[in-house]
Amino acid sequence: MGFGGANQKNREWRRASFLPALFAFLVVITAGLVLDRQADTINQERVRAEVLGRISVIRAKLEGHVASNVQLVRGLVSVISTEPDMNQARFEALVDNLFEADSQLRSVAAAPDLVIRMTYPLKGNEKAIGLDYRQTPNQWDAVQQVLFTGKMVLAGPVDLVQGGQGFVGRFPVYTTEDGWRKFWGVVSAVIDTDRLYKDSGLYDASVADLDISITGQDSLGRHGKLFYGESLGGRQPVLANVTLPSGSWQIAAVPRDGWYSGTTGQWLMRAAIIFAGCLILLPFIIAGRMISQRHDYIGLLRMREAALTQQTQRLNLALETSKVGLWELDLASGEEVWDARTNEIYGMSGDAGGRTHDHWQKVVHPEDQARAEAEFRQSIVNGRYESDYRVILPDGTLRHIRSIAVLAEASGEVQRVMGINWDVTADVALNEDLRRAKALTEARNSELEAARVRIEHNALHDSLTGLPNRRYLDEMLRGNAAGGFDASGTIALLHIDLDRFKQINDTLGHAAGDAMLIHASKVLRDTCRDTDFVARIGGDEFVVVSSNSHGEEGLARLAGRLVEAMRKPVMHEGHECRFGVSVGIATGMVPAIDVEQLLINADIALYRAKDRGRNRFEFFSAALQAEVINTKRVADEILNSLENHDFIAYYQPQFCAKTLDVVGVEALARWRHPTLGLCAPDSFMEIAEELSVVAAIDHAILQQGLQDLERWDRLGLHVPRVSVNVSQRRLHDENLVTALREMDLPEGRIAFELVESIYLDESDGVIAWNIDQIKALGIDVEIDDFGTGYASIVSLQKLHPRRLKVDRQLVDPIIREPGQRRLVASIVDIGKAMGIEIVAEGVESMEHAKILRDLGCDILQGYAFAKPMSRDALEAFLAEQSWRHAS
């Protein structure tokens, strides 16, 4: 063959050898790209899982805080349902308890009949009082949603007039009247956004590396507007839904640096892929070159064919394994041959001559020598050896080595072992890193699970006492409504309220109050059965849920034990604290268990226990319910009558004991009931006291008295003075004097009657100041029902009233009992000595009038002269002068 033909054939062989090399290179590069993409995907999924875990904690906190605030306000709504006529003071006391809890509430307002009547805190929100939602377009849509759905609506965040932003929760309030559910009004609560975000962890440094946004304004979920952070729509955020009591929010988060940022490991892997491709391509090129030279110099190379074959086998083994060291062992002589890579792996120089087994033993880790040698002896018998062990280099570096060998037997030659070594230190380190990363991930998952358990526990338990809270109680009651408590078919509720707790809290501080609550919770747990459910529902109120399997006797014994146990004194920082409990008990039986009504019934029974003296227990009954319904009906009628001006003044004349001239009239309150007619004070005054409207009734009677006094002056009827009763609550009013000054009272013609048993020994600074200012306005002060209270002569001197009214109980017996006559004479003498006029009440006959006149009484009042009468009847009475003929 000529040189031209040889060159053509060499070119064909080169092309034939290059194509497989190119194909192998492309396969390696393609596989590397796929592997790189997979590694990037795994890294991104890991980061996404971590970010999702972090915002899940924020989501759980948001849900817990919002639910806790809503539950607190729902507790207030439940109380309003049972006390629909509460005033601002009662409302403030209830809401103050909510604000003492660990909440994000900023303000609460109550709007009966959709008009704000009460708010807390009142300071700064005075202008909200009287706000009619129906006349407020920017709030009416949300209120209408509450009306139409009958459910709580959470709106916002909205900009607040006081500054900042807040979420507004509006709650419908219903009352029960004659078995019918009646809409009462709306309670609105503002949740401070900054406090909610801060308490939920949105401002924590642990999430500073995340961009977070929240959508779902007005609880519209992912369809709502963005209200926190910037839009992350184009950045593939992780999402989590925040479940709210009405609706939801959607929270989104992405890392600030993005999901993908190449790591050092990924770049090293890419470099390794390219390097591997080059290594694969390089042998093919070298092999092609060698084949070309072999055919060019075939004649010369034939003599080296045997040596070339042996070298080619070694080269192929080394190329295929890449970065490995070769070694051979002559089993007969024990001599070993190490290549340069093996010497490098074991930390020895390549020109140190032959190697023996001793060289290997010197570098193998002492702890691995026995095992590695045993594995070699046991495995080589089978013709194959494989082992992993550690070596210690002269500089102290530790390496992990993997060794694989086979037994080579050639005909006519001694047995030899051919093996390879390679350094797997990087693989071992990588596996160790993966194990640590896995352990770290599992630890973080455990922490997240523990956090979730803590959050759920805190959401269902009271932080101070550790008892279940109102939310837990409601869930438990709903869960047991069908089959009864503990599947007993019955449920018994004991509503417990601590007596005198407020005095302890106010005098010894909140720390003492907290200590009393913790003590009370311990007493409840120790006294109740292990199966009973004990919860703190707020403030100083607790609820015990039990079964009624032992009847009312068993519940009475349990309540009695609780009352007795709570009476025992408790020491706190050297102070002996005593408080008691009032207990209201209500029971229900399947299938007619209404847990909400059961709570209301227990609260009604608790109210009765407090009304009857506290430190006792009462059972709810149909009669009690009827009484409560009747009281509520009368209360509603009183309030309606105040608006309709149905409380009117009836006048009873007062006469001079000597001349029988009219010297004044006492204005007495009468209720012009729409169906029952005219009612005396004993039919409505007690309920009016509970409603705190006695002051309003007193004011209405005073207004009528002033108008009628002016009318009588125009008619020429001589009525020198009008006396009106003033209640204790009105004397406590700091604005009383200011209101009186605005009324332009005629000096000396108005008298205020104060009940002796309430006011004469009163040391209250506001009352004393009001009485002094009343006198300064020219209003006479009279002591009503004198002789029935506990007034002292000293207090009489300090007050120095214009008149004393001797009670009818002292006047009536003077005809037949000389001792009683002397007692009245003594009162008259005391009054004369102090310059005080004496008015005798209850003068029933002319004989009474004669005796009282002779004893020195100045003024007479009673049925012997005239009964209480209307304005028109009094005008006719004064015109006729009929009493003079009767006398």
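Modeller: Start with strand β28, residues 803–806. Four bridges join β28 to strand β29 (residues 837–840), and the two run parallel. Strands here are DSSP runs of E, at least two residues long, and helices are runs of H or I, at least four long, both numbered from the N terminus. Two strands count as paired if DSSP finds at least two bridges between them.

A word on the source. This is a predicted model: local features need pLDDT of at least 70, side-chain atom pairs count only at pLDDT 80 or more, and totals for chains, interfaces and linings use all residues. Residues are numbered from 1 along each chain as its sequence is written, and side-chain values use heavy atoms, with hydrogens and water left out.

Back to β28. Leu-804 stands opposite Ile-838 in β29. Strand β27 (residues 780–786) also pairs with β28, in the parallel sense, over three bridges. There, Glu-782 stands opposite Arg-803 in β28.

Both faces of β28 are covered. Arg-803 and Lys-805 lie on one side, Leu-804 and Val-806 on the other, and all are buried. Buried means under 20% relative accessible area, with a 1.4 Å probe and protein chains only.

Now the helix, α19, residues 694–715. Its 22 residues reach 31 Å from first C-alpha to last, close to the 32 Å expected at 1.5 Å a residue. The expected span is 1.5 Å times one less than the number of residues. Its buried residues include Ile-697, Asp-698, Ile-701, Leu-702 and Trp-712. Gly-716 follows α19, with a positive phi near 80 degrees.

Note on methods: Buried means under 20% relative accessible area, exposed over 50%, partly exposed in between (1.4 Å probe, protein chains only).
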